[in-house]
Amino acid sequence: MWRASSPSNQLRSSTSWNIEWQGAIAGEAQSAQKSVAQEAIEHAQKKRDGKQMDKAEFIAALKIAQDAGCQFVVGVPSLGGSTTAALTPEQTHRLMTDKQAVFAELMGLSAPEYLEWYESQGSVYCSAHTKQGKQCRNFIVGATWLAPDEWKSQRAAGGYCSAHGA
Ligand SMILES: [Zn+2]
């Protein structure tokens with residue numbers, strides 16, 4: 001703490017007093033913050049010790065909300081943006097822990113299928129194989145921007161890129 005060295009320097013001494021006073025206020029605010037944090041910890045401990053809402057209860061609560069007219073929807077990352085899809089209370093709960101699986105399910109695809117579909121933006125890879133035995137990484141001519149069901153049937157049917165000919 002800085003202090004006035006001479007009694008004649010009244011301005012500085014009052015500044016010093018101000019600083020001390022403000023310091024006391026800041027100290028009070030700090031201890032108030034501490035007690036808020038303390039309260040939060042105590043609350044968390046109570047929650048931990050008490051009965052926590054488990055999965056079944058959470059889903060039951062969502063069902064009550066649904067019966068009251070609530071709708072659960074999510075934007076599934078899709079072709080060029082997102083597709084709005086409705087969720088069941090069970091899916092809503094699962095969305096918090098297993099997002100990709102729920103997205104795949106909503107699109108009618110398996111998780112690996114959904115990833116491939118989304119990353120290729122609905123395109124299907126050429127059925128031909130390179131000399132090294134790897135699948136050609138070009139897309140089948142015209143097989144792009146396909147909806148999940150079209151993508152799945154095109155993928156099952158196969159086809160060729162422009163280099164490998166139709
Ligand atoms: Zn090809």
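## Structural report on a predicted zinc-bound chain

Just after helix 4, G108 adopts a positive phi of about 75°. The model is predicted, so that local features require pLDDT of at least 70 and side-chain atom pairs pLDDT 80 or more, whereas totals for chains, interfaces and linings use all residues. Numbering starts from 1 along each chain as its sequence is written, and side-chain values use heavy atoms, with hydrogens and water left out.

**Overall fold.** The protein chain contains six helices and two strands, in the order α-α-β-β-α-α-α-α along the sequence. Helices (H or I, at least four residues) and strands (E, at least two) are DSSP runs numbered from the N terminus. Of the 166 residues, 24% are buried; buried denotes under 20% relative accessible area, exposed over 50%, and partly exposed in between, with a 1.4 Å probe and protein chains only. Among contacts (heavy atoms within 4.5 Å) between residues at least 6 apart in sequence, 41% join residues at least 24 apart.

In soluble globular proteins, nonpolar side chains tend to be buried together. Here the largest nonpolar core has 20 residues, and V76, Y114 and W117 have the most contacts inside it. Two or more residues come from each of strand 1 (72-78), strand 2 (81-87), helix 4 (99-106) and helix 5 (111-119). Domain 1 (54-119) and domain 2 (121-166) each supply at least three residues to this core; the domain bounds come from an automatic or database domain assignment. A nonpolar core is a set of buried Ala, Val, Leu, Ile, Met, Phe, Trp, Tyr and Cys residues joined through side-chain atoms within 4.5 Å.

Neighbours within four places in sequence aside, V76 is in contact with G81, S82, T83, A85, F103, L106, M107 and Y114. In helix 4, V102, F103 and A104 are buried. The buried residues of helix 4 pack against strand 1, strand 2, helix 3 (89-95) and helix 5.

**Zinc site.** The zinc ion is coordinated by C126 (SG), C136 (SG), C161 (SG) and H164 (ND1), at 2.1 to 2.4 Å. Donors are N, O and S atoms within 2.8 Å of the metal (3.2 Å for Na, K and Ca); water is not among the atoms, so sites may look incomplete. The site is tetrahedral, with angles of 101 to 116° among its four donor atoms; four donors count as tetrahedral if all angles lie between 85 and 135 degrees. The donor residues follow the spacing C-x9-C-x24-C-x2-H in sequence.

**Loop between helix 5 and helix 6.** S120 lies in the loop between helix 5 and helix 6 (148-157). The S120 side chain reaches the backbone oxygen of E116 at 2.8 Å, a polar contact being a pair of N or O atoms within 3.5 Å; within protein, one must be able to donate a hydrogen and the other to accept it, and residues adjacent in sequence count only if both atoms are side-chain atoms. Beyond its neighbours within four places in sequence, S120 is in contact with Y125, F139 and W151. Phi of Q121 is positive, near 55°, although Q121 is a residue other than glycine; W145, not a glycine, has a positive phi of about 60°.

| Residue | Relative accessible area | Class |
|---|---|---|
| S120 | 7% | buried |
| Q121 | 22% | partly exposed |
| W145 | 52% | exposed |

Conventions
Four donors count as tetrahedral if all angles lie between 85 and 135 degrees; four count as square planar and six as octahedral if opposite donors are over 155 degrees apart and all others between 65 and 115; anything else is irregular.
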